[in-house]
Amino acid sequence: MNALAKIQQFLHCETPDAWVKNALDNQALLLLDHANCEKKAASTAINLMFRYVGDFDMMNKMSRLAREELRHYEQVMAIMEARGVAYEQITPGRYAGELRKLVRTSEPGRYIDTLICGAIIEARSCERFAKVAPFLDEELQSFYLSLLKSESRHYEDYLTLAKRAAEGADISARVQEFLALEKTLVEGGDEEFRFHSGVVQ
């Protein structure tokens, strides 16, 4: 089973076709929010490195992840600039914020849950790149498909770190709880289109 197939099996639902239509109708906004997502992903990784010092494996994985996400951020910005897409301030989508409402407030639960959230967000990003890519122009299609390998590895890194942080405890029920919520966010409606939004009617 390839990496994308594993991610599709991991997630509780597929991105709706209606979201793809939203994306195609809002390609400038797709790029803008994608850039913001890459920047936020790098920031999340760096925050973990500061908050949980001493775990060399985690810090190495997050350092590499942050570098890759910032490189993707630069690549998206270059595409935006070449296409005349302005980099404007926009509000973040509710997706990540809603997922993080489930994160426990005490340790080690907070750390484990944050890693689980990271895994799910990276998995959904990978799935969406693959879902929308066939409908985009050649440049964007090639770029989005080029991101699949790193995004799938980021998902695996986060999930591996979460399992290790649990020190032998089974986290599968906790993962399923987050995935159930994630399914409602993906299949539900949203007022504004964003990279991780539900369907905008």
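**Note on helix contacts and salt bridges**

1. L99 lies in helix α5, which covers residues 95-100. The model is a predicted one. L99 counts as buried because its relative accessibility is 0%, and buried means under 20%. Leaving aside residues up to four places away in sequence, L99 touches C117, I120, I121, F178, L181, E182 and L185.

2. Helix α4 (residues 56-82) pairs with helix α7 (residues 138-146): their axes come within 12 Å and cross at roughly 175°. That angle makes α4 roughly antiparallel to α7. On the α4 side the contact involves H72, Q75, V76 and I79, and these meet E139, L140 and F143 in α7. By class, the residues of this contact are four nonpolar, two polar and one charged.

3. Helix α4 also meets helix α8 (residues 148-165), where the axes come within 11 Å and cross at roughly 155°. Angles over 145 degrees count as roughly antiparallel, and α4 and α8 are therefore roughly antiparallel to each other. Their crossing is left-handed. From α4 the contact uses D57, M58, K61, M62, R64, L65, E68, E69 and H72, and from α8 it uses S150, E151, R153, H154, D157, Y158, L161 and R164. The classes here are five nonpolar, three polar and nine charged residues.

4. How many salt bridges does a search of the whole structure find? The count is 20. One of them joins the side chains of K131 and D17, at 3.1 Å from N to O. This pair links distant parts of the chain, 114 residues apart: K131 is in helix α6 (residues 109-132) and D17 is in helix α2 (residues 17-25). K131 counts as buried, at 14% relative accessibility, whereas D17 is exposed, with a relative accessible area of 59%.

5. A further salt bridge connects the side chains of D55 and R164, at 2.5 Å from N to O. D55 sits in the loop between α3 (27-51) and α4, while R164 is in helix α8, 109 residues apart. D55 is partly exposed at 22% relative accessibility, and R164 is partly exposed at 38%.

6. K61 and D57 are separated by about one helical turn because they are four residues apart in the helix. D57 is partly exposed, with a relative accessible area of 30%. Salt bridges with shared partners join D55, D57, K61 and R164 into one network.

Note on methods: Residues are numbered from 1 along each chain as its sequence is written. This is a predicted model: local features need pLDDT of at least 70, side-chain atom pairs count only at pLDDT 80 or more; totals for chains, interfaces and linings use all residues. Side-chain values use heavy atoms; hydrogens and water are left out. Axes are lines fitted to C-alpha atoms, for helices over the stretch in contact, and angles run from 0 to 180 degrees between N-to-C directions. Helices (H or I, at least four residues) and strands (E, at least two) are DSSP runs, numbered from the N terminus. Angles under 35 degrees count as roughly parallel, over 145 as roughly antiparallel, 65 to 115 as roughly perpendicular and the rest as oblique. Contact means heavy atoms within 4.5 Å. Ala, Val, Leu, Ile, Met, Phe, Trp, Tyr, Cys and Pro count as nonpolar, Asp, Glu, Lys and Arg as charged, and the others, Gly among them, as polar. A crossing is left-handed if the near helix is turned anticlockwise from the far one by less than a right angle, and right-handed if clockwise. Buried means under 20% relative accessible area, exposed over 50%, partly exposed in between (1.4 Å probe, protein chains only). A salt bridge is a side-chain nitrogen of Lys or Arg within 4 Å of a carboxyl oxygen of Asp or Glu.
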